[in-house]
Amino acid sequence: KEAKSVALSRIRSLLQLAVHTSTLASDPNREELSCSLASHNLIQHLHLIQAAGGDGPTNSAGSESYVLKGSQGLKGVEALTLDYNVGWPLSIVLSRRAITKYQLLSRLLFFCKHVELKVLGCWKDHQNTKEMGLRNEMGSTYALRHRMLHFLQNFVYYMTIEVFTPRSHELQTAMEDAKDMDEVLNLHEVFLDTCLKECLLASQDLLRILTKITTTCLLFADQMKRFSGSNEILDPTLRGPSEGLADAGGKSSWLRSARIKVQADFISREVTHEAYIRMLEKFSDTFDQQLREFLDKLWTDSYRHHPQLSNLCVRLDYNGFYDSRFSSRSTTSVSGL
């Protein structure tokens, strides 16, 4: 649903239900956690922060038109933002500025995890075709889904295990040696800024490419969901022999095999259709092009600005698959000219 169509009261009720049925149920501050729906997406959020904090004069009219233009069609899952009611004196450390940085990180992680679960749904649907003997016909679909899932799972792993976990441990260790409040504030600020940089939120270019990739994955997952739903054999004429045969001895196994064969033939015709092949090639080419741009930009930024990003590069292309794939495509294009 679009953000404007989402009932915020229902979302808050679901959040409280999730909190009270989790390990946070005994937390004395559990009621301070809430949520809201932002009026702009993550990239626009960063744009407004940078515009408001810039050194030079800001074109407020231009920024406002930019946000209004991009916020159209904003989905609820993109707009969901966690918030926390911080009282004094904790608000000295968890200021509004710090809370905003936490919101940027949580929004990115939540959306990436949402897309990952959507693509995992494709994997679940594809498991139903394993006994139909459609590996040759659906091999390209399986491969594209696997590449998308590999990207999403490794990016989420990178954020949670290689950024949040070690940086929070470093912060906790450093806090134990802090001598005054100024040092505590500085350590917390450095922690948040480091997390923002290593999670690509300090670069609008990288974040924009990442958003394109996740959007492509989400569209692919939705398309595969519609494909799976439309190819369920609901027509009784396609179900094979009569249900009554299932009661006879030995007939149920035969009936099941007959249904599988009918459905396999039906799906085989669909996936070998020109429209399906063209759709799949478009998704594959778009994903590869966006991922190539992302990896190139990531390597450049890791050398120039932040070495930690090289860990993500290696994780996404640990066996050189994309390097050889993109190199062979470039060679083919040049030879074709």
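In which handedness of crossing does H5 pass H7? In this predicted model, the crossing of H5 past H7 is left-handed. Helix H5 spans residues 96–127, and its axis lies 10 Å from that of H7, at an angle of about 25 degrees. Because angles under 35 degrees count as roughly parallel, H5 and H7 are described as roughly parallel to each other. On the side of H5, the contact is made by Arg97, Ala98, Lys101, Tyr102, Leu104 and Leu105, while H7 contributes His188, Glu189, Phe191, Leu192, Asp193, Cys195 and Leu196. Sorted by class, the residues of this contact comprise eight nonpolar, one polar and four charged.

Among the elements, helix H7 (residues 181–198) has the highest mean pLDDT, 91, whereas the lowest, 46, belongs to helix H3 (residues 60–70). Over residues 54–68 the pLDDT stays under 50, and the model has 12 contacts beyond four places in sequence for this stretch. Where pLDDT is low, the predicted coordinates should not be read in detail.

Four aromatic pairs are present in the structure. One of them is formed by Phe151 and Phe294, whose rings are arranged edge-to-face, with 5.7 Å from centre to centre and 80 degrees between the planes. This pair links distant parts of the chain, since Phe151 belongs to helix H6 (residues 135–176) and Phe294 to helix H10 (residues 274–304), and the two residues are 143 residues apart.

Two features of the backbone remain to be described. Most residues other than glycine have a negative phi, and most peptide bonds are trans. The peptide bond that joins Trp88 and Pro89, however, is cis, with omega at about 10 degrees; Pro89 is placed in the loop between strand E2 (80–84) and H5. Leu200, a residue other than glycine, has a positive phi, near 75 degrees, and is found in the loop between H7 and helix H8 (204–230).

Key
Residues are numbered from 1 along each chain as its sequence is written. This is a predicted model: local features need pLDDT of at least 70, side-chain atom pairs count only at pLDDT 80 or more; totals for chains, interfaces and linings use all residues. Side-chain values use heavy atoms; hydrogens and water are left out. pLDDT is the predictor's confidence in each residue, from 0 to 100. Helices (H or I, at least four residues) and strands (E, at least two) are DSSP runs, numbered from the N terminus. Contact means heavy atoms within 4.5 Å. Axes are lines fitted to C-alpha atoms, for helices over the stretch in contact, and angles run from 0 to 180 degrees between N-to-C directions. Angles under 35 degrees count as roughly parallel, over 145 as roughly antiparallel, 65 to 115 as roughly perpendicular and the rest as oblique. A crossing is left-handed if the near helix is turned anticlockwise from the far one by less than a right angle, and right-handed if clockwise. Ala, Val, Leu, Ile, Met, Phe, Trp, Tyr, Cys and Pro count as nonpolar, Asp, Glu, Lys and Arg as charged, and the others, Gly among them, as polar. Rings of Phe, Tyr and Trp (its six-membered ring) pair if their centres lie within 6.5 Å; planes under 30 degrees apart count as stacked, over 60 as edge-to-face and the rest as tilted.
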